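Hello,

Here is the structure we talked about handing over. My notes follow below it.

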Amino acid sequence: MHTKTAGLYIHVPFCLSKCRYCSFYSITSVELMDEFVKAVVREMAFYKDIFPSFDSLYFGGGTPSLLTTGQAKTLLDAAQKYFDIRPRAEITTEVNPGDVSLEYFQSLRREGVNRLNIGVQSFDDSLLKFLGRRHTAKQAIESIETARNAGFKNLGFDLIYAVHGQNVKTWRQTLKKALSFSPEHLSCYQLSLDCKTPLYKQYKQDGLELPSEKEALDFFISTSMILTEAGYIHYEVSNFARTRKFESRHNRKYWNHEPYLGLGPAAHSFFGNRRWWNKANVKTYLKDIGSGKKPVARSEQLSNDELALESLFLGMRTADGVNLESLKKLYGLDLLAVKKRIIGTLIDHQLVILKNNRLCPTLEGMALADSLALI
Amino acid sequence: MKNIRNFSIIAHIDHGKSTLADRLIQFTGVCNERNFQDQLLDNMDIERERGITIKSNAISLPYRAKDGNEYMLNLIDTPGHVDFSYEVSRSLASCEGVLLLIDAAQGVQAQTLANLYLAMEHNLEIIPVINKIDLPSADIERVLEEIESELGLDPDTHIKCSAKEGTGIEEVLEAVVQRIPPPRGDISNPLAALIFDAKYDSFRGTIIHCRVFEGSVKAGDIIRFMSNNATYKVEEVGYFQLTRVKLDKLSSGDVGYIIAGVKTVADVRTGDTITLQNKPCQQSLPGFKEVKPVVFASIYPIASDDYQDLADSLEEYKLNDASFIYEKDSSAALGQGFRCGFLGLLHLDIVQERLEREFGLSIILSVPSVRYRFTLEDGKVIYVDNPTHYPDPAEIDKGEEPYIRATMMLPERYLGSVMKLCMEKRGVNSNMNYTGPGRVELSYEMPLAEVIFDFYDRFKSVTQGYGSFDYDIIDYRESNLVLMDILVNGEKVDALSQIVHRERARARALIACDRLKDEIPRQMFKIAIQGAIGGEIIARSTISAFRKDVTAKCYGGDITRKRKLLEKQKAGKKRMKMIGSVSIPQSAFLAVLKSDND
């Protein structure tokens, strides 16, 4: 059983419009938001005495910045009521640059939100339009400035690269622009096309090409070089922090096999080697909660082999790498013994290093996180 | 005996041999609708799928002819590939006549002719049967002309049928009765029965398939195999319908089976003569040959844990395939395995496929080799069919390799390209005969090693399927041989080593390096593939490094999905063999031995 402090995730599955690359679950009608908030509160009650304590709370989506101050307050109060939220917990909300005002940010701060993750994506309007974002570059900049004015000392930006029409040169400019606001955290995602998204269909129809392996690598390495030079720590494939303190505590839990509770439609939870996820439908979610049922779609008990594989591919995504000691102790996998030859070769080729009984990817290794997990 | 007819159906591939056999079986009522399935005589899945017959088979069809008499028509099915030409010849030796089946649309083809020659060698009555007359593209006039001009047969003797539609079947049966002579022989003579096949039955041991020429045999008799004088007590005799039917005795002229407590099919030799211990015949029936494997390769399990499974499977497989031999072998790169001997490359292919399919094994085959002969400095002569056992080059006085005489029949228009192919394969002493207008019989002496690689495929391709090919091993000839090794990332992969003619070494090494480059997936680091003789590198290719995965977001909801994706990839990787730090797929080992003309 986990005695570790957990992360609490609340999925707010509402958007005013869908971004064309996004495959997360959300609906574009906001009529049910009030009911949804009440339901999440009731869902919290189901898990009241299971998770010992939380030191992070994360509003994700969807578009959590569509929550009114009142709704956000209801959820935060309920979390305090049902759970042990640690005093200095990281409380993050994702923000869509188009939805915000100084008053909104200020009230969020009053209610306890101490970190904002702004969905900037790009500072190029044509790119934003191509991606189907509702905001403009100007709005993005305004929202950053407003967040600072509201007193937020921990800001993260989401940026996206390797989009059609973008090259490494224009991407560098985007990064430079982002750096000019000195964010505490940066997530730089390579565009990946889920086949259910409209953008995927457009790529197919218009014969647009995804970057070649070489270009993708170029994007990846350039991103790391620029941000590392600017003093950031490249601590996960797509994530950079100004100092270790600003690494996303919440997201770390996913990568470290630490427990997390996900509330709301389609949210995933992990606890005691069990992972379960809620139904990805607002109406069934509400109905289940209404009839006193957990809205769980499915759950799986992970075997040692499965956990070991997850530890490997998650660990290889992080600069801290894989803890070989716990891999052996927890899952019975003595990686160094079983894969001695190949690990030696990978060390020779500077794709991994051995450090304090951890197998850590180098920058080039991180670009091959999945392959490293499959050695 | 005058009411028995023993016959076989011979045809070019796809001319409808199995379908005609099915119709004959149905017509004579041996099989009802309920237990009918297509290609009744092809028992193995692999035979049905490839449309080839691997094992011989027999069935006895009771038939009341128009003359009012009851006949027993014994149909003997034969394999259809040069690897098994000896088995075919024994099956034909058990017959008095054949149905020579010709596709009405395609006309006379290479195998039609080759099969005709085989039947003629055995002095068999030949009945030309034109099949598929229901096809819109059927051109019976043209086929009749070809029967006369290309086969030299009287076109008036032909029968038309459509096995698919079931027309002309009775005419075929009537012709079998009227035109194929009844067997000769004397029931009072000492027993002489020809073994044309043997199958293993897990309850009864070996079922010997035979044709009785002289005398008779019954349960309780002590029989003797004339090749090795082994004796057995007969438990049961009978003939074949869809199942075995027990009889009191088998007499001269009969085709049937003998069960005599013979443990494995390896104890029975196709072509051997069975006689009685207490009343033996004077001499064996002609044509017996000890079949020896000519192609050798090692088999390894992909996962070393499967070694015992492989051992058990080979033992079981061997029960039913007397021409397959194996013994323990081990490889530095691939671990424990078995060295196996095969009749030819098709035989090797079949064994591999059956092991994978029927026994559920994942295996890797080393590069096939012939059996070389080396005379060492100290005068000792050794045979080497495994490159791993190649002698120290300093101690070799003389190397020799087996030569064959290849006999090919082909339309004259392909002569140039076939001769070119033969020369390329180090062919010498060619000989040429015109067998008919536009038809040539060509023979060459060639190293067997050249033939087992890709000769057959390329021959078929340059003659567009119109050439037929057969070979006999003639002798050993001196040859400048070297051992060519393949190194993957500096590591020698002994299963890929080959013994080759020095002049061919570089070309072979280049091909191997190129093939491996195509087949080995890129890995996270650059891989060098090298061909070497001793310490000298003679060929090289490089596989560039794979450098970037698609590393999209990975948060709570993605982990399960991503794990499942990686689990799938991991399962695929399990089918690869780790050589040092490099994962090599099974296909890479196979690719090295495939055709080198593209």
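**Notes on the sheet, the contact and one loop**

β14(A) pairs with strand β15 (residues 358-361) of chain A in the antiparallel sense, over four bridges. Strands here are DSSP runs (E, at least two residues), as helices are (H or I, at least four), numbered from the N terminus; two strands pair if DSSP finds at least two bridges between them. This is a predicted model, in which local features need pLDDT of at least 70, side-chain atom pairs count only at pLDDT 80 or more, and totals for chains, interfaces and linings use all residues. Residues are numbered from 1 along each chain as its sequence is written, while chains are lettered from A and ligands numbered from 1 in the order in which they are written.

Within this pair, I353(A) has C360(A) in β15(A) as its bridge partner. The open sheet has three strands in the order β13-β15-β14 (chain A), with antiparallel pairing. β13 (322-323) and β14 (352-355) of chain A are at the edges with a single partner strand each, so one side of each has no neighbour in the sheet.

Chain A gives 37 residues to the contact and chain B gives 25 residues, where two residues are in contact if their C-beta atoms, placed from the backbone, lie within 7 Å. Elements of chain A that each supply at least two residues to the side touching chain B include β6 (185-190), α8 (213-229) and α11 (304-315).

In chain B, P286(B) lies in the loop between β16 (273-276) and β17 (295-301).

Regards
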